Amino acid sequence: MPHATATPPEPNPFRLASLYAVVFVEIGIAMPFMPVWLNALGLEAGIIGVLLALPIAVKIVATAPLVGLIDRGVGARALLVAGSLALAATYALMPAGAALGWPVLALLIALNATAGAPLVPSIDYLTLAAVRRSARLDYARIRMAGSIAFLAANLAGGAALGFLGERLAVPLLTTALALLAAAVCAGVRLELPTAAVPRTKATRVPLPRLLWLTIAAGAAIQASHAALYAFASIHWSLSGFPVAWIGALWAIGVLAEIVLFAGIGLCPAGWRTPFRLLGLGAAAGAVRAIGMAFYGDTLGAVVVLQTLHGFSFGATQLGAMAAVSRFAPEGARGRAQGTLSATNALASACATLASGLAYGHGGGPLAFGLMAPLAVIGLCLTARAARLAQRQRLHSAAFVGQHSDTIA
(Lines give C-alpha, C1' and ligand atoms only; values in the text may rest on other atoms or scores of the structure.)
Protein backbone atom coordinates (compact mmCIF):
# COMPACT_ATOMS: atom_id res chain seq x y z
CA MET A 1 0.00 0.00 0.00
CA PRO A 2 1.51 3.37 -0.99
CA HIS A 3 2.26 5.77 1.81
CA ALA A 4 0.04 8.83 1.99
CA THR A 5 1.85 12.03 1.17
CA ALA A 6 1.85 14.43 4.09
CA THR A 7 0.06 17.66 3.36
CA PRO A 8 2.51 20.54 3.75
CA PRO A 9 1.52 23.24 6.24
CA GLU A 10 -0.27 26.29 4.88
CA PRO A 11 1.83 29.42 4.30
CA ASN A 12 1.87 31.75 7.28
CA PRO A 13 0.42 35.18 6.37
CA PHE A 14 2.06 36.88 9.35
CA ARG A 15 5.51 35.85 8.17
CA LEU A 16 4.80 37.25 4.72
CA ALA A 17 3.42 40.45 6.26
CA SER A 18 6.61 40.81 8.31
CA LEU A 19 8.66 40.79 5.10
CA TYR A 20 6.62 43.67 3.68
CA ALA A 21 6.87 45.56 6.98
CA VAL A 22 10.66 45.42 7.32
CA VAL A 23 11.29 46.32 3.68
CA PHE A 24 8.75 49.14 3.54
CA VAL A 25 9.86 50.73 6.80
CA GLU A 26 13.30 51.25 5.23
CA ILE A 27 11.67 52.63 2.06
CA GLY A 28 9.57 54.92 4.27
CA ILE A 29 12.77 56.54 5.54
CA ALA A 30 14.78 56.54 2.31
CA MET A 31 12.13 57.83 -0.09
CA PRO A 32 11.11 61.07 1.66
CA PHE A 33 14.35 61.85 3.54
CA MET A 34 17.18 60.93 1.15
CA PRO A 35 16.64 64.21 -0.78
CA VAL A 36 16.83 66.05 2.55
CA TRP A 37 20.15 64.34 3.34
CA LEU A 38 21.59 65.16 -0.07
CA ASN A 39 20.61 68.79 0.40
CA ALA A 40 22.22 68.82 3.87
CA LEU A 41 25.49 67.78 2.22
CA GLY A 42 25.51 71.12 0.40
CA LEU A 43 25.30 69.62 -3.09
CA GLU A 44 24.11 71.73 -6.00
CA ALA A 45 20.49 71.33 -7.05
CA GLY A 46 21.46 69.93 -10.46
CA ILE A 47 23.64 67.22 -8.90
CA ILE A 48 20.89 66.34 -6.43
CA GLY A 49 18.51 65.92 -9.37
CA VAL A 50 20.93 63.56 -11.09
CA LEU A 51 21.46 61.53 -7.91
CA LEU A 52 17.70 61.21 -7.36
CA ALA A 53 17.05 60.19 -10.97
CA LEU A 54 19.82 57.60 -10.94
CA PRO A 55 17.97 54.96 -8.83
CA ILE A 56 14.97 55.14 -11.15
CA ALA A 57 17.14 54.51 -14.20
CA VAL A 58 18.93 51.63 -12.47
CA LYS A 59 15.69 49.95 -11.41
CA ILE A 60 14.28 50.17 -14.93
CA VAL A 61 17.24 48.14 -16.18
CA ALA A 62 17.97 45.87 -13.21
CA THR A 63 14.63 44.77 -11.77
CA ALA A 64 13.39 42.28 -14.36
CA PRO A 65 16.74 40.41 -14.76
CA LEU A 66 17.29 40.20 -11.00
CA VAL A 67 13.79 38.99 -10.12
CA GLY A 68 13.95 36.70 -13.15
CA LEU A 69 16.71 34.79 -11.34
CA ILE A 70 13.91 33.17 -9.35
CA ASP A 71 12.85 31.34 -12.53
CA ARG A 72 16.40 29.98 -12.80
CA GLY A 73 16.35 28.45 -9.33
CA VAL A 74 17.59 31.30 -7.13
CA GLY A 75 15.42 31.47 -4.03
CA ALA A 76 13.34 34.60 -3.51
CA ARG A 77 14.38 34.64 0.15
CA ALA A 78 18.04 34.51 -0.88
CA LEU A 79 17.48 37.58 -3.06
CA LEU A 80 15.84 39.35 -0.13
CA VAL A 81 18.71 38.62 2.26
CA ALA A 82 21.47 39.46 -0.23
CA GLY A 83 19.70 42.61 -1.40
CA SER A 84 19.09 43.86 2.15
CA LEU A 85 22.72 43.25 3.17
CA ALA A 86 23.94 45.10 0.09
CA LEU A 87 21.55 47.94 0.89
CA ALA A 88 22.95 48.20 4.41
CA ALA A 89 26.54 48.21 3.14
CA THR A 90 25.92 50.94 0.57
CA TYR A 91 23.94 53.10 3.01
CA ALA A 92 26.77 52.81 5.55
CA LEU A 93 29.38 53.82 2.95
CA MET A 94 27.46 56.81 1.58
CA PRO A 95 28.77 59.42 4.08
CA ALA A 96 32.36 58.43 3.26
CA GLY A 97 31.53 58.37 -0.43
CA ALA A 98 30.06 61.85 -0.23
CA ALA A 99 33.27 63.08 1.43
CA LEU A 100 35.26 61.71 -1.52
CA GLY A 101 33.06 63.49 -4.05
CA TRP A 102 29.68 63.20 -5.68
CA PRO A 103 30.82 60.75 -8.43
CA VAL A 104 31.73 58.22 -5.72
CA LEU A 105 28.39 58.88 -4.04
CA ALA A 106 26.65 58.36 -7.39
CA LEU A 107 28.32 54.95 -7.75
CA LEU A 108 27.14 53.94 -4.27
CA ILE A 109 23.61 55.15 -5.03
CA ALA A 110 23.58 53.08 -8.24
CA LEU A 111 24.74 49.98 -6.33
CA ASN A 112 22.17 50.73 -3.65
CA ALA A 113 19.38 50.92 -6.23
CA THR A 114 20.53 47.65 -7.79
CA ALA A 115 20.43 45.95 -4.40
CA GLY A 116 16.96 47.28 -3.63
CA ALA A 117 15.44 46.57 -7.04
CA PRO A 118 14.37 42.94 -6.44
CA LEU A 119 13.13 43.32 -2.85
CA VAL A 120 9.45 44.25 -3.18
CA PRO A 121 8.89 42.16 -6.36
CA SER A 122 10.42 39.15 -4.61
CA ILE A 123 8.04 39.51 -1.66
CA ASP A 124 5.15 39.90 -4.12
CA TYR A 125 6.32 36.70 -5.82
CA LEU A 126 6.33 34.80 -2.52
CA THR A 127 2.97 36.22 -1.45
CA LEU A 128 1.21 35.46 -4.72
CA ALA A 129 2.63 31.92 -4.65
CA ALA A 130 1.18 31.52 -1.16
CA VAL A 131 -2.18 32.97 -2.20
CA ARG A 132 -2.43 30.63 -5.17
CA ARG A 133 -1.73 27.73 -2.84
CA SER A 134 -4.22 28.69 -0.13
CA ALA A 135 -7.60 30.25 -0.90
CA ARG A 136 -7.80 31.41 2.71
CA LEU A 137 -5.00 33.92 2.25
CA ASP A 138 -5.65 37.47 1.10
CA TYR A 139 -2.91 39.32 -0.79
CA ALA A 140 -4.39 42.72 0.09
CA ARG A 141 -4.40 42.08 3.84
CA ILE A 142 -0.80 40.83 3.73
CA ARG A 143 0.40 43.73 1.54
CA MET A 144 -1.31 46.17 3.91
CA ALA A 145 1.53 45.61 6.39
CA GLY A 146 3.87 47.38 3.98
CA SER A 147 1.64 50.45 3.75
CA ILE A 148 1.31 50.65 7.54
CA ALA A 149 5.09 50.34 7.97
CA PHE A 150 5.69 53.01 5.32
CA LEU A 151 3.34 55.44 7.06
CA ALA A 152 4.87 54.76 10.47
CA ALA A 153 8.37 55.31 9.07
CA ASN A 154 7.31 58.63 7.55
CA LEU A 155 6.04 59.86 10.91
CA ALA A 156 8.91 58.48 13.01
CA GLY A 157 11.54 59.58 10.49
CA GLY A 158 10.56 63.22 10.77
CA ALA A 159 10.96 63.07 14.55
CA ALA A 160 14.32 61.27 14.24
CA LEU A 161 15.65 63.90 11.85
CA GLY A 162 14.70 66.60 14.32
CA PHE A 163 16.46 64.79 17.16
CA LEU A 164 19.61 63.45 15.45
CA GLY A 165 20.02 65.93 12.63
CA GLU A 166 19.65 65.34 8.91
CA ARG A 167 23.26 64.34 8.13
CA LEU A 168 23.37 61.65 10.81
CA ALA A 169 19.80 60.36 10.97
CA VAL A 170 19.27 59.31 7.34
CA PRO A 171 22.32 57.05 6.79
CA LEU A 172 22.10 55.71 10.34
CA LEU A 173 18.42 54.78 10.12
CA THR A 174 18.55 53.34 6.61
CA THR A 175 21.60 51.21 7.44
CA ALA A 176 20.03 49.88 10.64
CA LEU A 177 16.68 49.17 8.99
CA ALA A 178 18.29 47.40 6.03
CA LEU A 179 20.21 45.18 8.47
CA LEU A 180 16.96 44.49 10.31
CA ALA A 181 15.33 43.52 7.03
CA ALA A 182 18.17 41.13 6.24
CA ALA A 183 17.86 39.50 9.65
CA VAL A 184 14.09 39.09 9.39
CA CYS A 185 14.26 37.75 5.83
CA ALA A 186 16.94 35.26 6.85
CA GLY A 187 14.95 34.10 9.85
CA VAL A 188 11.52 33.79 8.27
CA ARG A 189 10.64 30.27 7.17
CA LEU A 190 8.04 30.00 4.44
CA GLU A 191 6.27 26.76 3.61
CA LEU A 192 6.30 27.24 -0.15
CA PRO A 193 7.26 24.97 -3.04
CA THR A 194 10.67 25.90 -4.43
CA ALA A 195 10.89 23.65 -7.48
CA ALA A 196 10.94 25.53 -10.75
CA VAL A 197 9.40 24.27 -13.96
CA PRO A 198 11.99 22.04 -15.67
CA ARG A 199 13.35 23.65 -18.80
CA THR A 200 16.52 23.80 -20.78
CA LYS A 201 18.79 26.82 -20.86
CA ALA A 202 17.68 27.54 -24.40
CA THR A 203 14.02 27.68 -23.43
CA ARG A 204 12.55 31.03 -22.45
CA VAL A 205 8.90 30.99 -21.48
CA PRO A 206 7.25 34.00 -23.17
CA LEU A 207 4.89 36.33 -21.33
CA PRO A 208 1.45 36.22 -22.98
CA ARG A 209 0.04 39.25 -24.76
CA LEU A 210 -2.79 39.45 -22.24
CA LEU A 211 -0.31 39.89 -19.41
CA TRP A 212 1.63 42.55 -21.33
CA LEU A 213 -1.61 44.50 -21.78
CA THR A 214 -2.41 44.41 -18.07
CA ILE A 215 1.17 45.33 -17.15
CA ALA A 216 1.01 48.30 -19.52
CA ALA A 217 -2.38 49.31 -18.15
CA GLY A 218 -1.15 49.23 -14.55
CA ALA A 219 2.00 51.17 -15.45
CA ALA A 220 0.03 53.90 -17.22
CA ILE A 221 -2.33 54.31 -14.27
CA GLN A 222 0.48 54.39 -11.72
CA ALA A 223 2.35 56.91 -13.89
CA SER A 224 -0.64 59.25 -13.61
CA HIS A 225 0.52 59.91 -10.03
CA ALA A 226 3.85 61.36 -11.21
CA ALA A 227 2.89 65.04 -11.06
CA LEU A 228 1.34 64.56 -7.62
CA TYR A 229 4.42 62.87 -6.21
CA ALA A 230 6.76 65.45 -7.69
CA PHE A 231 4.89 68.74 -7.34
CA ALA A 232 1.83 68.43 -5.10
CA SER A 233 3.66 69.50 -1.93
CA ILE A 234 5.20 72.48 -3.74
CA HIS A 235 1.84 73.45 -5.22
CA TRP A 236 0.07 73.18 -1.86
CA SER A 237 2.76 75.21 -0.14
CA LEU A 238 2.51 77.97 -2.74
CA SER A 239 -1.27 77.86 -2.33
CA GLY A 240 -0.86 78.69 1.35
CA PHE A 241 -1.53 75.30 2.90
CA PRO A 242 0.05 74.98 6.38
CA VAL A 243 3.02 72.62 6.54
CA ALA A 244 1.18 70.37 9.01
CA TRP A 245 -1.70 70.01 6.56
CA ILE A 246 0.65 69.06 3.72
CA GLY A 247 1.94 66.16 5.80
CA ALA A 248 -1.60 65.24 6.80
CA LEU A 249 -2.74 65.17 3.16
CA TRP A 250 -0.10 62.58 2.28
CA ALA A 251 -1.07 60.58 5.35
CA ILE A 252 -4.72 60.64 4.21
CA GLY A 253 -3.69 59.07 0.92
CA VAL A 254 -1.79 56.24 2.60
CA LEU A 255 -4.63 55.67 5.08
CA ALA A 256 -7.10 55.40 2.20
CA GLU A 257 -4.83 52.79 0.63
CA ILE A 258 -4.72 50.85 3.92
CA VAL A 259 -8.51 50.97 4.25
CA LEU A 260 -8.92 49.54 0.75
CA PHE A 261 -6.44 46.74 1.41
CA ALA A 262 -8.23 45.91 4.67
CA GLY A 263 -11.73 45.92 3.20
CA ILE A 264 -11.38 44.65 -0.36
CA GLY A 265 -12.12 41.10 0.75
CA LEU A 266 -15.62 42.18 1.81
CA CYS A 267 -16.50 43.23 -1.73
CA PRO A 268 -18.36 40.81 -4.04
CA ALA A 269 -16.00 38.49 -5.94
CA GLY A 270 -17.11 40.04 -9.23
CA TRP A 271 -15.49 43.32 -8.19
CA ARG A 272 -12.18 41.70 -7.30
CA THR A 273 -11.10 40.72 -10.80
CA PRO A 274 -7.91 42.11 -12.38
CA PHE A 275 -9.85 44.10 -14.98
CA ARG A 276 -12.40 45.68 -12.66
CA LEU A 277 -9.73 46.64 -10.15
CA LEU A 278 -7.56 48.19 -12.87
CA GLY A 279 -10.61 49.94 -14.32
CA LEU A 280 -11.53 51.33 -10.91
CA GLY A 281 -7.98 52.56 -10.42
CA ALA A 282 -7.94 54.21 -13.85
CA ALA A 283 -11.25 56.00 -13.27
CA ALA A 284 -10.12 57.25 -9.86
CA GLY A 285 -6.79 58.36 -11.31
CA ALA A 286 -8.47 60.40 -14.05
CA VAL A 287 -10.90 62.04 -11.61
CA ARG A 288 -8.09 62.79 -9.19
CA ALA A 289 -5.88 64.37 -11.87
CA ILE A 290 -8.69 66.53 -13.25
CA GLY A 291 -9.79 67.49 -9.75
CA MET A 292 -6.26 68.57 -8.85
CA ALA A 293 -6.03 70.62 -12.03
CA PHE A 294 -9.14 72.63 -11.10
CA TYR A 295 -9.27 72.47 -7.30
CA GLY A 296 -5.69 71.67 -6.26
CA ASP A 297 -5.43 74.97 -4.36
CA THR A 298 -8.58 74.38 -2.26
CA LEU A 299 -7.89 72.49 0.97
CA GLY A 300 -11.33 70.90 1.38
CA ALA A 301 -11.35 69.62 -2.19
CA VAL A 302 -7.82 68.25 -1.89
CA VAL A 303 -8.75 66.30 1.24
CA VAL A 304 -11.47 64.53 -0.76
CA LEU A 305 -9.17 64.01 -3.75
CA GLN A 306 -6.49 62.44 -1.55
CA THR A 307 -8.92 59.76 -0.43
CA LEU A 308 -9.02 58.62 -4.06
CA HIS A 309 -5.46 57.38 -3.61
CA GLY A 310 -6.97 54.26 -2.12
CA PHE A 311 -8.41 53.49 -5.55
CA SER A 312 -5.99 55.16 -7.95
CA PHE A 313 -2.98 53.47 -6.34
CA GLY A 314 -4.46 50.69 -4.18
CA ALA A 315 -6.95 49.20 -6.64
CA THR A 316 -4.40 49.47 -9.45
CA GLN A 317 -1.78 47.66 -7.35
CA LEU A 318 -4.22 44.87 -6.50
CA GLY A 319 -5.42 44.58 -10.09
CA ALA A 320 -1.88 44.32 -11.43
CA MET A 321 -0.95 41.70 -8.83
CA ALA A 322 -4.10 39.73 -9.64
CA ALA A 323 -3.21 39.82 -13.34
CA VAL A 324 0.35 38.60 -12.73
CA SER A 325 -0.90 35.84 -10.45
CA ARG A 326 -3.56 34.76 -12.93
CA PHE A 327 -1.87 35.15 -16.32
CA ALA A 328 1.90 34.72 -15.76
CA PRO A 329 2.99 31.26 -16.98
CA GLU A 330 4.93 28.84 -14.80
CA GLY A 331 8.63 29.22 -15.41
CA ALA A 332 8.28 32.97 -15.98
CA ARG A 333 6.57 34.21 -12.83
CA GLY A 334 9.69 35.84 -11.46
CA ARG A 335 10.37 37.61 -14.76
CA ALA A 336 6.73 38.71 -14.93
CA GLN A 337 6.96 40.22 -11.44
CA GLY A 338 10.19 42.01 -12.30
CA THR A 339 8.82 43.20 -15.65
CA LEU A 340 5.81 44.74 -13.92
CA SER A 341 8.05 46.68 -11.51
CA ALA A 342 10.45 47.79 -14.25
CA THR A 343 7.61 48.92 -16.52
CA ASN A 344 6.06 50.89 -13.67
CA ALA A 345 9.40 52.61 -13.05
CA LEU A 346 9.90 53.44 -16.73
CA ALA A 347 6.40 54.87 -17.18
CA SER A 348 6.64 56.89 -13.96
CA ALA A 349 10.07 58.27 -14.89
CA CYS A 350 8.80 59.47 -18.28
CA ALA A 351 5.69 60.95 -16.71
CA THR A 352 7.78 62.73 -14.07
CA LEU A 353 9.94 64.34 -16.75
CA ALA A 354 6.85 65.42 -18.68
CA SER A 355 5.19 66.80 -15.56
CA GLY A 356 8.32 68.81 -14.78
CA LEU A 357 8.18 70.48 -18.18
CA ALA A 358 4.45 71.10 -17.78
CA TYR A 359 4.87 72.54 -14.29
CA GLY A 360 7.54 74.91 -15.57
CA HIS A 361 5.23 76.21 -18.30
CA GLY A 362 1.81 76.19 -16.68
CA GLY A 363 2.21 75.38 -13.00
CA GLY A 364 0.21 72.80 -11.09
CA PRO A 365 -3.02 72.92 -13.11
CA LEU A 366 -1.26 72.01 -16.35
CA ALA A 367 1.00 69.37 -14.78
CA PHE A 368 -1.84 67.66 -12.91
CA GLY A 369 -4.25 67.88 -15.84
CA LEU A 370 -1.78 66.20 -18.19
CA MET A 371 -1.80 63.13 -15.95
CA ALA A 372 -5.47 62.41 -16.70
CA PRO A 373 -4.78 61.07 -20.24
CA LEU A 374 -2.39 58.51 -18.75
CA ALA A 375 -5.17 57.15 -16.55
CA VAL A 376 -7.49 57.07 -19.57
CA ILE A 377 -4.86 55.16 -21.56
CA GLY A 378 -4.70 52.68 -18.69
CA LEU A 379 -8.48 52.33 -18.82
CA CYS A 380 -8.41 51.66 -22.57
CA LEU A 381 -5.66 49.06 -22.20
CA THR A 382 -7.64 47.40 -19.42
CA ALA A 383 -10.72 47.22 -21.64
CA ARG A 384 -8.61 45.75 -24.45
CA ALA A 385 -7.18 43.13 -22.08
CA ALA A 386 -10.64 42.23 -20.80
CA ARG A 387 -11.90 41.69 -24.37
CA LEU A 388 -8.88 39.54 -25.18
CA ALA A 389 -9.43 37.44 -22.05
CA GLN A 390 -13.07 36.97 -22.99
CA ARG A 391 -12.09 35.94 -26.51
CA GLN A 392 -9.57 33.45 -25.14
CA ARG A 393 -12.23 32.21 -22.71
CA LEU A 394 -10.08 32.91 -19.67
CA HIS A 395 -12.00 33.00 -16.43
CA SER A 396 -10.81 35.80 -14.12
CA ALA A 397 -13.84 36.33 -11.92
CA ALA A 398 -11.85 35.95 -8.74
CA PHE A 399 -9.33 38.07 -6.91
CA VAL A 400 -5.86 36.72 -6.10
CA GLY A 401 -7.17 35.35 -2.83
CA GLN A 402 -9.38 32.86 -4.64
CA HIS A 403 -8.57 30.13 -7.13
CA SER A 404 -9.60 30.61 -10.75
CA ASP A 405 -9.34 28.22 -13.63
CA THR A 406 -9.10 28.36 -17.39
CA ILE A 407 -12.33 27.47 -19.16
CA ALA A 408 -11.73 24.99 -21.93
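Rings of Phe, Tyr and Trp (for Trp, the six-membered ring) count as a pair if their centres lie within 6.5 Å; planes under 30 degrees apart make the pair stacked, over 60 edge-to-face, and the rest tilted. Keep in mind that this is a predicted model. An α-helix has 3.6 residues a turn, so residues three or four places apart point the same way. Tyr20 is buried at 0% relative accessibility, and Phe24 is buried too, at 10%.

Now compare Trp236 and Phe241: their centres are 6.4 Å apart, but with 10° between the planes this pair is stacked. Trp236 counts as buried at 0% relative accessibility, as does Phe241 at 8%. Ring pairs also tie Trp236 and Phe241 into a cluster with Tyr229 and Trp250.

What about charges? Side chains of opposite charge can pair when their charged atoms come close. The structure holds one salt bridge, where the side chains of Glu330 and Arg333 meet at 3.0 Å, N to O. Glu330 is partly exposed, with a relative accessible area of 49%, whereas Arg333 is buried at 11%.

On to the helices. Helix α2 covers residues 45-67 and reaches 33 Å from its first C-alpha to its last, close to the 33 Å expected. Still, there is a kink of about 35° at Val61, shortly before Pro65. Its buried residues include Ile47, Leu51, Val58 and Ala62, and among the elements covering the buried residues of α2 are α1, α3, α4, α5 and α14.

Helix α15 has 20 residues, so at 1.5 Å a residue it should span 28 Å; its end C-alpha atoms are 29 Å apart, which agrees. Ala372, Gly378 and Leu388 are among its buried residues, with α8, α11 and α14 among the elements that cover them. After α15 comes Arg393, whose phi is positive, near 60°.

How far does the predictor trust all this? The chain averages a pLDDT of 87, and 91% of the residues score at least 70. Over residues 194-198 the pLDDT is below 50, and this stretch has three contacts beyond near neighbours in sequence. Residues 397-408 also stay under 50, yet the model gives them 40 contacts beyond four places in sequence.

Methods:
Residues numbered from 1 in each chain as written. Predicted model: local features only at pLDDT ≥ 70, side-chain atom pairs only at ≥ 80, totals over all residues. Heavy atoms only, no water. Helix = DSSP H or I, 4+ residues; strand = E, 2+ residues; numbered from the N terminus. Expected span 1.5 Å × (residues − 1). Buried < 20%, exposed > 50% of the residue type's maximum accessible area, 1.4 Å probe, protein only. Contact = heavy atoms within 4.5 Å. pLDDT = per-residue confidence, 0-100. Bend = angle between axes of the 7 residues up to and from the residue. Salt bridge = Lys/Arg side-chain N within 4 Å of Asp/Glu carboxyl O.
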